[in-house]
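Hi everyone, thanks for coming along.

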Amino acid sequence: MNNLDIKRLNSSDTDFSQQLEQLLAWESVSDHAVHGAVVDIIERVRRQGDQALVELTATFDRYSVDSFSELAVSAERIAQALANIDADKRQALEKAAERVRSYHQHQQQDSWQYTEADGTVLGQKISPLDRVGLYVPGGKASYPSSVLMNAIPAKVAGVQEIIMVVPSPDGELNDMVLAAAAIAGVDTVFTIGGAQAIAALAYGTETVPKVDKIVGPGNIYVATAKRQVFGQVGLDMIAGPSEILVVCDGKTDPDWIAMDLFSQAEHDEDAQAILLSDSVEFLDAVQQSMDKLLPTMERSDIIRAAIEDRSALILVPSMQAATEITNIIAPEHLELSVEDPEAMLAEIRHAGAIFMGRYTAEALGDYCAGPNHVLPTSGTARFSSPLGVYDFQKRSSLIMCSAQGASELGKTASVLARGESLTAHARSAEYRIKLQ
């Protein structure tokens, strides 16, 4: 097999900024054909409800049923899946769930309030969402880890009901996915997918309940449908292809780094894997490792496409330059494979998840380290955060004025309201002002 044709960039080149911009460019907005198809599917589900889901499942998933009730997964089937999987797989799922739950329990926030000198009480009430929809991809691969990462924070937050949708091409259901649903505490599972599943969660049907928020990854049709229904429901994020950026000082085993890059490249052909190092000899060694290891990979064709189309080995003059470029890229996953990652951490401003030290493979975060693997992509780590308990909660402001507090605040509110020509606002506040 031919060696990998991976891009080699040098940050000292005068046109490096343009080269980097071109490398990072990713258009996540679907084309007109996809958008049009999604709009039609959403409207069809809104009009025809369960019947539309039955027909669309037959069309897109090649799974024909007589009624929608056959697309609901029974509690017995979910329990059976948990019993069916091998003991080592069940143990791994339960261990991962335990760690994910423990980590997210640290994110819990409590309501709070304080009382001012005049007796006025101000505060914030934190409440969980009532019902959340979880989309789990099916087809090319199964993702029980995504079930854990999306459902467990919702449960920790106190969400009352989790509705999971997962496509079942040709009627096949993955036992690991159902087992993960059982372990994570998912309440209801429907075997529907695509834009039609997003529409059902957003608007509700005769059987599928309307949810308050939709979380979970999907293909371009799912992502487009999520964009379309935003506002009707809340969303986690619109995720792009998976990304990894490794910063290495040249002292880590090059085979380790090559496999770390492969770990994200194997997701799909649009995934991105970038290595920054101040050692050209190390970049050469990693490239040799990649050429050596690629033939051993089951998904070698996908890895090759991702590495050759959207990935790069970048030479930097110093580790300081590496951190500056890291903040420009704002990667989904960042590995600091260096001698003193703590020192470098202080300089990192933008990254979804940061894996520190030579032994911390990004893959550990995907499955069982504890922090969430649902992360901002395509540079959105500049302003976005990993999925967490806070995504399944909402905050209500609390205001309770004493008579004295209402009188004093009313004077200020009156002036501001009249300044905006909102007389009713002003008079509403003025009624509470105490006369001297």
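Predicted model: local features only at pLDDT ≥ 70, side-chain atom pairs only at ≥ 80, totals over all residues.

Let me start with a word on burial: I call a residue buried under 20% relative accessible area, exposed over 50%, and partly exposed in between, with a 1.4 Å probe and protein chains only. Accessible areas come from the Shrake-Rupley method with that 1.4 Å probe, and for residues only the protein chains shown count as cover. Residues are numbered from 1 along each chain as its sequence is written, and side-chain values use heavy atoms, with hydrogens and water left out.

Okay, the overall picture. The protein has 17 helices and 15 strands; these are DSSP runs numbered from the N terminus, with helices being H or I of at least four residues and strands being E of at least two. Along the principal axes, the C-alpha atoms fill a box of roughly 90 × 60 × 45 Å. Of the 436 residues, 49% are buried. The accessible surface comes to about 21,000 Å², and carbon and sulfur atoms account for 49% of that. If we take contact to mean heavy atoms within 4.5 Å, then among contacts between residues at least 6 apart in sequence, 75% join residues at least 24 apart.

On to charges. Lys and Arg count as positive and Asp and Glu as negative, leaving out His and the chain ends, and each charge is placed at NZ of Lys, CZ of Arg, CG of Asp or CD of Glu. There are 35 positive and 60 negative charges, and their mean positions are 9 Å apart.

How many salt bridges does a search of the whole structure find? It finds 16, with a salt bridge being a side-chain nitrogen of Lys or Arg within 4 Å of a carboxyl oxygen of Asp or Glu. Let me show you a few.

Arg 46 and Glu 43 pair up at 3.9 Å, N to O. Both sit in helix α2 (residues 32-48), three residues apart, or about one turn of the helix. Arg 46 is partly exposed at 47%, and Glu 43 is partly exposed at 35%.

Next, Arg 62 meets Asp 170 at 2.9 Å, N to O. Arg 62 is in the loop between α3 (50-61) and β2 (72-73) and Asp 170 in the loop between β6 (161-165) and α7 (175-184), so this pair ties together parts that are 108 residues apart in sequence. Asp 170 is partly exposed, at 46%.

Then there's Lys 226 with Asp 236, at 2.8 Å, N to O. Lys 226 belongs to helix α9 (residues 220-229), while Asp 236 is in the loop between β9 (234-235) and β10 (243-248), so the pair links parts ten residues apart in sequence. Are these two buried or exposed? Lys 226 is buried, at 3%, and Asp 236 is buried too, at 16%. Elsewhere, salt bridges with shared partners join Asp 249, Glu 339 and Arg 358 into one network.

Finally, a look inside. Gln 196, in helix α8 (residues 194-203), is buried at 2% relative accessibility. Setting aside neighbours within four places in sequence, Gln 196 contacts Ile 41, Val 45, Leu 53, Leu 56, Thr 57 and Phe 60.
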